[in-house]
Amino acid sequence: MRVLVTTLGSPSHGRAQLPLVRALAAGGHTVQVVTTPIIASVFAREDVRVAALLPDVMPGYREVPRLQALAAREDLDEEQRAQQMKQLMVSGLSRSMALDLQQVLLPVVEDFAPDLILRDGMDLGSVLIGEARGIPQLPTPSGASNSLDPADLLPGLNASRTEQGLPVREDPLSIIPFGRIDCVPEAYSFAQFLPGARTYRQALAVDRALALPDWVTELPTDRPLVFASIGTAAPLMLQWGLETDSGAMPLPMPHPEESLRTILRAAALLEECTVLVTSMGLTVDVAGLPSHVRVTERLPQPLLLETVDLFLTHGGFNSVRESMRTGTPMAVLPQFGDQHPNAQRVEELGLGRHAADATPQGIADTCRAVLADRTIAAGVRRAHLAMLALPDIEHAVADLVELVG
């Protein structure tokens, strides 16, 4: 079987796909990954083909100037601005971005002749390719798949279909005619608008070469250990140069550096804990931080989550999934996009709490509440057991072979 895999956005998208890509390659199938230069390194040590053909920029990059213009408008309140930005992003994903991706991917499809496409949740170009070429396509686990309403995407997709002589579809779920792949049990699904999926258990440590640094072994073990991270996507926006002239971000979200400073101030208040904070390459002033707070650029997150008592997270789906896989309670401080509904879903499932009060004191209070809540501890254990009851990701290979026929 020949499998085309598309990945865009941040490296966490590639890490979410890696266990399945690895299982396919180990099963003797030929895998061609098409991704961005930043994400390509995720697959560098795997027995797969990798082509870094997609731009290292925020998905929907053609819409960035208009998003920046909306962010600067003073005649809109926050609700109006958020609604217009959502409409612009949905239109971009289903029209300009889908057509851009299709244009890049078509030569690969013609040369590689895949039997199956496993696509990033934001890649709607592969939906059009699948329909035009009769190739089954399924989205892999991602926040975009979970949070995007197919009914919102349908008008733009149908316009793209019409331009290319493809039949229009009335069913919004025509976006997933062969279903989807997920890595959490159905009872714990974060997909707001999609039906049940083919669900599998992800590997615990995706990058087998990683280990925790020696200094971590010297941390105090007689107090709660808290890990805090802002994630990979928000810092990448600064690398991509998506700030407006005023320093604002092109999405309704706090500036990543300000969010990190807030997290550090909250960590300083948690005097009864040891708090590890990853800066993810952002500029941070550590002068004056108390000794119970340790700041480092990066840490192997899945390994660290095996031992911490609490994860203060931005609520990206990959981080949420890793927390469930390791049985780690969460305090969720969402920044943008699907992270907001993810925070609500974490609280709804009893896996942690949404840090709705985003002040340092509010965040610290949320962390203490999660650490003290035995109901959350029990809920996290139930979710952990449910994750362990899923079939291993290797079972997906046989299921996909059967799907292709």
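Analyst: Axes are lines fitted to C-alpha atoms, for helices over the stretch in contact, and angles run from 0 to 180 degrees between N-to-C directions. Helices (H or I, at least four residues) and strands (E, at least two) are DSSP runs, numbered from the N terminus. The axes of helix 10 and helix 14 (residues 360–372) come within 8 Å and cross at roughly 55°. This is a predicted model, in which local features need pLDDT of at least 70 and side-chain atom pairs count only at pLDDT 80 or more, while totals for chains, interfaces and linings use all residues. Residues are numbered from 1 along each chain as its sequence is written, and side-chain values use heavy atoms, with hydrogens and water left out.

User: What makes helix 10 oblique to helix 14?

Analyst: Angles under 35 degrees count as roughly parallel, over 145 as roughly antiparallel, 65 to 115 as roughly perpendicular and the rest as oblique. The axes cross at roughly 55°, which makes helix 10 oblique to helix 14.

User: Which residues meet where helix 10 and helix 14 come together?

Analyst: Contact means heavy atoms within 4.5 Å. Thr-262, Arg-265, Ala-266 and Leu-269 of helix 10 meet Pro-360, Gln-361, Ile-363, Ala-364 and Arg-368 of helix 14.

User: How do you know that the span of helix 10 is close to the one expected?

Analyst: The expected span is 1.5 Å times one less than the number of residues. Helix 10 (residues 256–269) has 14 residues, and its first and last C-alpha atoms are 20 Å apart, close to the expected 20 Å.

User: Why is Asn-146 called buried?

Analyst: Buried means under 20% relative accessible area, exposed over 50%, and partly exposed in between (1.4 Å probe, protein chains only). Asn-146 has 2% relative accessibility, so it counts as buried. This residue lies in helix 7 (residues 143–147). Beyond its neighbours within four places in sequence, Asn-146 is in contact with Arg-180, Phe-190, Ala-191, Gln-192, Phe-193 and Phe-317.

User: Why is Pro-172 called partly exposed?

Analyst: Pro-172 has 26% relative accessibility, so it counts as partly exposed. Pro-172 sits in the loop between helix 8 (150–163) and strand 6 (181–182). With neighbours within four places in sequence set aside, Pro-172 is in contact with Pro-150, Ala-151 and Leu-154. The C-alpha atoms of Pro-172 and Leu-154 are 5.7 Å apart, although 18 residues separate them along the chain.

User: What makes Asp-47 exposed?

Analyst: Its relative accessible area is 66%, so Asp-47 is exposed. Asp-47 is in the loop between helix 2 (37–40) and strand 3 (49–52).
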